[in-house]
Amino acid sequence: MHSRTPYIAANWKMHKTVAEAAEFVDALLPRIAATQSDVVICPPFTALAEVVERRRGTAVKVAAQNMHEADSGAFTGEVSGPMLVELDVEAVVLGHSERRQYFSETDEALARKVAAALAHELEPILCVGESEEARDAGETEGVLERQLQADLAAIDDLAVGGVVIAYEPIWAIGTGRTATPEQAQEACAFIRDVLRARGAAAEEVRILYGGSVKPANAAELLALPDVDGALVGGASLDPEEFAAIVDAT
Ligand code: PGA
């Protein structure tokens with residue numbers, strides 16, 4: 001048996017103003033007061049400070065949804081690790097498929113971002129996952145292995161233990177088409193195999209499933225041996241629904 005603490009993250013994407021974020025946190029905290037799991041909220045940049053302040057004194061962690069690898073510089077529109085650390089942000093989502101797809105995020109940039117996040121003691125939540133075409137072509141494992149090798153290329157094996165991996169099949173994100181438990185388990189076990197083969201302490205790494213996680217399917221997914229948590233998009237916008245997913249751990 002492993003001793004990985006379950007990890008449930010709310011990826012709000014481009015949703016919620018500061019006022020809406022405050023309302024959410026106030027509604028969520030009493031609902032999850034008894035949980036033993038790690039609960040992480042990933043608001044847009046503008047709501048980070050508010051969520052950090054509202055959750056002070058609780059075990060809830062706060063993550064950004066992206067960061068630049070440089071500490072500062074001429075990168076209009078970007079936010080750096082030191083800027084997040086100053087706000088007491090503890091983690092950062094990196095390589096979400098929406099960033100890869102709509103903002104041309106490359107594996108080369110991600111390798112630098114993962115290393116920069118760790119250097120600033122921000123926990124990276126690295127997203128990987130295949131497209132529908134890749135799955136249909138039987139290339140799921142090839143895609144996952146390529147992404148993991150490339151995105152973790154700039155850190156040493158020991159540091160991999162400090163990275164959270166989110167397996168997010170692109171065809172399951174925001175579509176209501178959740179991966180079957182067999183598909184989720186198979187992919188997460190494969191990810192752990194890749195990390196182990198690389199020489200990392202794979203048994204320590206939290207591997208999350210993401211893609212249409214809802215209260216109705218969370219318990220079944222979270223019970224899988226290699227699924228240690230969930231990265232939740234749509235269902236994380238409502239405090240009651242998100243609390244129900246936390247309760248499923
Ligand atoms: P979803 O999004 O839960 O709305 O499918 C998951 C994600 O993109 O992290």
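This is a predicted model: local features need pLDDT of at least 70, side-chain atom pairs count only at pLDDT 80 or more; totals for chains, interfaces and linings use all residues.
Is His96 buried or exposed, and what is its relative accessible area? Residues are numbered from 1 along each chain as its sequence is written, and side-chain values use heavy atoms, with hydrogens and water left out.

His96, then, is buried, with a relative accessible area of 5%, where buried means under 20% relative accessible area, exposed means over 50%, and partly exposed lies in between, using a 1.4 Å probe and protein chains only. His96 sits in the loop between β4 (91-94) and α4 (97-102); helices (H or I, at least four residues) and strands (E, at least two) are DSSP runs, numbered from the N terminus. Its side chain makes a polar contact with the side chain of Glu168 at 3.1 Å. By polar contact I mean a pair of N or O atoms within 3.5 Å; within protein, one must be able to donate a hydrogen and the other to accept it, and residues adjacent in sequence count only if both atoms are side-chain atoms. Not counting residues up to four places away in sequence, His96 touches Asn11, Lys13, Cys127, Glu168 and Ile173, a contact being heavy atoms within 4.5 Å.

Let me step back to the whole chain. The protein chain has 11 helices and 8 strands, and its radius of gyration is 17 Å, close to the 18 Å that the globule rule gives for 249 residues, so it is as compact as a globular protein of that length. That radius is taken over C-alpha atoms, and the globule rule is 2.2 Å times the number of residues to the power 0.38. Along its principal axes the C-alpha trace spans about 45 × 45 × 35 Å. Of the 249 residues, 53% count as buried, and among contacts between residues at least 6 apart in sequence, 72% join residues at least 24 apart.

Next, the interior. In soluble globular proteins, nonpolar side chains tend to be buried together. The largest nonpolar core here has 67 residues, and those with the most contacts inside it are Leu84, Leu152, Ile165, Ile191, Leu195, Tyr209 and Phe242; such a core is a set of buried Ala, Val, Leu, Ile, Met, Phe, Trp, Tyr and Cys residues joined through side-chain atoms within 4.5 Å. Helix α9 (residues 181-198) gives the most to this core, with 7 residues. A second, separate core of 13 residues includes Ala63, Ile125, Val164 and Ala166. As for Tyr209, once its neighbours within four places in sequence are left aside, its contacts include Tyr167, Pro169, Ala184, Leu221 and Leu231.

Phe242 brings us to helix α11 (residues 239-247), whose buried residues are Pro239, Phe242, Ala243, Ile245 and Val246. They cover an arc of only 155° around the axis, which puts them on the same side of α11; the arc is that of the directions from the helix axis to the C-beta atoms. On the other side of α11, Glu240 and Asp247 are exposed. The buried residues pack against β1 (7-11), α1 (18-31), β2 (38-42), α10 (215-222) and β8 (229-232).

Which backbone oxygens does the side chain of Arg4 reach? Arg4 is placed in the segment before β1 and, at 10% relative accessibility, counts as buried. Its side chain reaches the backbone oxygen of Glu203 at 2.8 Å and that of Pro225 at 3.3 Å. Beyond its neighbours within four places in sequence, Arg4 has contacts that include Arg192, Arg206 and Asp228.

Lys16, in the loop between β1 and α1, has a phi near 85°, a positive value in a residue other than glycine. Glu121, in the loop between α5 (107-119) and β5 (123-128), has a positive phi too, near 60°, and at 72% relative accessibility Glu121 counts as exposed. Ala19, found in helix α1, counts as exposed at 55% relative accessibility, and its C-alpha atom is separated by 8.7 Å from that of Glu50, 31 residues apart along the chain.
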